[in-house]
Amino acid sequence: ICDERLYMLGGWDKTDLTHSVLSCSVPELLQSCQQRPLAGKMQTTPATQSTIWQREAATPNYCSSCATLCGQLFAVGGWETGKLSRAIYGYNVRTCSWEVMGDMPTARHMVLVAILDE
């Protein structure tokens with residue numbers, strides 16, 4: 001979540017890895033969820049309308065992990081031209097653009113990323 005938007009980067013789209021990036025407004029997403037009883041329990045049913053999702057600039061590689069810091073998304077590791085990636089990319093949510101932020105010492109895929117004390 002960055003600037004009250006939820007970002008979804010890459011992943012698997014039923015047939016292959018994808019570079020796609022989608023975002024939606026967190027307040028709109030929460031508003032679109034409906035609470036309804038189901039067999040005595042509450043169930044959250046997310047909206048299926050794609051109108052709340054917006055396509056963003058595609059990732060430069062097949063990123064495997066991301067984190068947010070200071071209004072920017074950081075995509076870390078993944079796959080790039082058929083091999084593991086060392087790249088760290090930054091996505092500026094205000095300009096909708098990616099830039100190379102640097103490289104990790106070793107290539108990684110399926111890595112976990114966390115930011116402490118933002």
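Q: Which residues does Val 21 touch, not counting residues up to four places away in sequence?
A: In this predicted model, neighbours up to four places away in sequence are set aside for Val 21. Val 21 is itself one of the residues of the largest nonpolar core. The residues it touches are Tyr 7, Met 8, Leu 9, Gln 54, Arg 55, Glu 56, Ala 57, Ala 58, Thr 59 and Trp 98.

Q: Which element gives the most residues to the largest nonpolar core?
A: The core has 12 residues in all, including Val 21, Tyr 7, Tyr 91 and Trp 98. Strands S1 (5–9), S7 (72–76) and S9 (83–92) are the elements that give two or more residues to this core. With 3 residues, the one that gives the most is S9.

Q: Why is the pair of Tyr 7 and Tyr 91 edge-to-face?
A: Planes over 60 degrees apart count as edge-to-face. The ring centres of Tyr 7 and Tyr 91 are 6.4 Å apart, and the pair is edge-to-face because their planes stand at 65°.

Q: How many residues apart in sequence are the parts that this pair ties together?
A: Tyr 7 belongs to strand S1 and Tyr 91 to strand S9. The pair therefore ties together parts whose separation in sequence is 84 residues.

Q: Is Trp 98 buried or exposed?
A: Buried means under 20% relative accessible area. The relative accessible area of Trp 98 is 17%, so Trp 98 is buried.

Q: Which residues do ring pairs link into a cluster?
A: The structure holds 2 aromatic pairs. One of them joins Tyr 91 and Trp 98, with ring centres 4.7 Å apart and planes at 45°, so it is tilted. Ring pairs make a cluster of Tyr 7, Tyr 91 and Trp 98.

How values were computed. Residues are numbered from 1 along each chain as its sequence is written. This is a predicted model: local features need pLDDT of at least 70, side-chain atom pairs count only at pLDDT 80 or more; totals for chains, interfaces and linings use all residues. Side-chain values use heavy atoms; hydrogens and water are left out. A nonpolar core is a set of buried Ala, Val, Leu, Ile, Met, Phe, Trp, Tyr and Cys residues joined through side-chain atoms within 4.5 Å. Buried means under 20% relative accessible area, exposed over 50%, partly exposed in between (1.4 Å probe, protein chains only). Helices (H or I, at least four residues) and strands (E, at least two) are DSSP runs, numbered from the N terminus. Contact means heavy atoms within 4.5 Å. Rings of Phe, Tyr and Trp (its six-membered ring) pair if their centres lie within 6.5 Å; planes under 30 degrees apart count as stacked, over 60 as edge-to-face and the rest as tilted.
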